[in-house]
Amino acid sequence: MEQIRAASGKPARSKLLKARSEAQPKDEEGKKKRAQESRQGYMNMYHAYCKQAAPEHPEVCSNPELKAAYAKHVTTT
């Protein structure tokens with residue numbers, strides 16, 4: 001995504017977007033695995049953010065919906 005944002009001109013962006021789209025899984029099993037990996041990444045980011053001594057937005061860490069959503073299956077990378 002950083003490369004797409006940094007690309008100059010519409011043709012360059014289109015080429016990168018097409019390559020990104022082609023790299024995405026096409027079958028249901030691949031899509032499911034990609035979704036699980038993505039969710040795990042968000043969970044890890046949430047917990048790393050909330051472990052800080054003084055996060056910039058501490059209300060994120062005390063939000064009951066977010067706490068419930070990110071409470072399960074925590075692993076660190």
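1. With -95° about its S-S bond, the link between C50 and C61 is left-handed. The sulfur atoms of C50 and C61 sit 2.1 Å apart, and a disulfide here is a pair of cysteine sulfur atoms within 2.5 Å. By that rule the count is one disulfide. C50 lies in helix 3 (residues 28–50) and C61 in helix 4 (residues 59–62), so the pair ties together parts that are 11 residues apart in sequence.

2. A word on what you are looking at: this is a predicted model, in which local features need pLDDT of at least 70 and side-chain atom pairs count only at pLDDT 80 or more, while totals for chains, interfaces and linings use all residues. Residues are numbered from 1 along each chain as its sequence is written, and side-chain values use heavy atoms, with hydrogens and water left out.

3. How many helices and strands are there? The protein has five helices and zero strands, running α-α-α-α-α from the N terminus on. Helices (H or I, at least four residues) and strands (E, at least two) are DSSP runs, numbered from the N terminus.

4. Now the overall form. The radius of gyration, taken over C-alpha atoms, is compared with a globule rule of 2.2 Å times the number of residues to the power 0.38. A compact globule of 77 residues would come near 11 Å, but the protein has 17 Å. Along the principal axes, the C-alpha atoms fill a box of roughly 45 × 35 × 20 Å.

5. Next, the surface. Buried means under 20% relative accessible area, exposed over 50%, and partly exposed in between (1.4 Å probe, protein chains only). Buried residues make up 12% of the 77 residues.

6. Helix 3 deserves a look of its own. It has 23 residues and reaches 33 Å from its first C-alpha to its last, close to the 33 Å expected at 1.5 Å a residue; the expected span is 1.5 Å times one less than the number of residues. Which residues of helix 3 are buried? They are G30, M43, N44 and Y46. Their cover includes helix 4 and helix 5 (64–69).

7. One aromatic pair is counted. Y46 and Y70 form this tilted pair, 4.9 Å centre to centre with 35° between the planes. The rule is that rings of Phe, Tyr and Trp (its six-membered ring) pair if their centres lie within 6.5 Å; planes under 30 degrees apart count as stacked, over 60 as edge-to-face and the rest as tilted. The pair links distant parts of the chain, with Y46 in helix 3 and Y70 in the segment after helix 5, 24 residues apart. Both Y46 and Y70 are buried.

8. Finally, P25 lies in the loop between helix 2 (10–23) and helix 3. P25 is partly exposed, with a relative accessible area of 24%. Leaving aside neighbours within four places in sequence, P25 is in contact with G30, K31 and R34, where contact means heavy atoms within 4.5 Å.
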